[in-house]
Amino acid sequence: MFFINLCNVLCTCKKAKIISKIFSFYLSCIIILIPFTSMAKTMVVCVGNSITERGGECGYVTLITARLGDEYDVRNFGISGRTMLKKGDRPYWKEKYFKELFKLKPDIITLMLGTNDAKGGNWSRHGKEFKADAQAMVDTLLSISSKPRIFIALPPHSFNRGYSDDVISNQEVPILRSIAEKTGVEVIDANTPMNSPAYFGDGIHPNAEGYKVLADVYYNSITSKPTELEMQPHLSKSNLQFFHITNIGVLKLSNLPGNGFTYTINTSEQMKSGISKEKIFLLNGKLISEY
């Protein structure tokens, strides 16, 4: 009987050791995996031309990457010479980076194009198409499934004869501001502070000091909280239509240029027939109307 009890105790001890080893294994796996589960980073993609692509360690993308820290994953999608214009000499539309945006599904996109559009040949041939092409670019980026926070960056001044500052500052900038206001995307004003040739090496590409100025503007914009917008002039009760009586519905904008686009919205209470007193949000989360 003694030997039987001893065998039972030994067996129990072996089982306990096995169970203990299994438990320790799973516990170690959990401990190892915990850091990875908390490592989700905010992806920022900087779209642009050579002003974005160049600069090396002094470039604004490099500088904001260091300042934003480990919580952010910043990608440089700048390509020298590219245009916003679809029919420009080197359209950004045709680049693999543009298609890559839809695969990466970033959280934030900054868009700074327009400098190369201000070159004589591009603007004289296709300047009238800039507004439509810029609007199409923003609309396309807004369709990315991750619903990124989008910034239109106003191109810096030009002190190089090959790139018309009159076109950039007096024609493109107002167009880009109007598109931002219309669509609800945010603006990074890289034009106003970059108003001195002292910030440029060749009149068009920033020097180290100029890149510091750009980095400050970009960093302050990216780290700011999205601001609520007042009712835009182009939106009114007459051109708002509701579908799906649920807490999440679809806002259809009618009687507007580019009619046919629909935007997902959230409402503060269940939608009722007609227009009720609710907050209506564009897909990027900004308040556009409240009645």
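**View 1. Valine 45 on β1 faces its partner in β2.** Valine 45 stands opposite arginine 75 in β2. Strand β1 spans residues 42-48 and pairs with β2 in the parallel sense over 7 bridges. Strands are DSSP E runs of at least two residues, and helices are H or I runs of at least four; both are numbered from the N terminus. Two strands count as paired if DSSP finds at least two bridges between them. This is a predicted model: local features need pLDDT of at least 70, side-chain atom pairs count only at pLDDT 80 or more, and totals for chains, interfaces and linings use all residues. Residues are numbered from 1 along each chain as its sequence is written, and side-chain values use heavy atoms, with hydrogens and water left out.

**View 2. An open sheet of 5 strands with parallel pairing.** The strand order is β2-β1-β3-β4-β5. β2 (72-78) and β5 (186-189) stand at the edges with a single partner strand each, so one side of each has no neighbour in the sheet. From one strand to the next, the twist averages 20 degrees. Angles run from 0 to 180 degrees between N-to-C directions; axes are lines fitted to C-alpha atoms, for helices over the stretch in contact.

**View 3. Helices α3 and α6 against the strands.** Helix α3 (residues 60-68) lies across β1, β2 and β3 (108-112). α3 runs at about 175 degrees to β2. Helix α6 (residues 130-142) packs on the sheet and touches β3 and β4 (149-154). The directions of α6 and β3 make about 170 degrees. Contact means heavy atoms within 4.5 Å.

**View 4. The crossing of α6 and α7 is right-handed.** In a right-handed crossing the near helix is turned clockwise from the far one by less than a right angle; anticlockwise is left-handed. The axes of α6 and helix α7 (residues 165-183) come within 10 Å and cross at roughly 35 degrees. Residues of α6 in this contact include Phe130, Ala134, Val138 and Leu142. Among those they meet in α7 are Ile175, Leu176 and Ile179. By class, the contact has 7 nonpolar, 3 polar and 4 charged residues. Ala, Val, Leu, Ile, Met, Phe, Trp, Tyr, Cys and Pro count as nonpolar; Asp, Glu, Lys and Arg as charged; the others, Gly among them, as polar.

**View 5. Residues 228-291 have pLDDT below 50.** pLDDT is the predictor's confidence in each residue, from 0 to 100. The protein averages 77, and 64% of the residues score at least 70.
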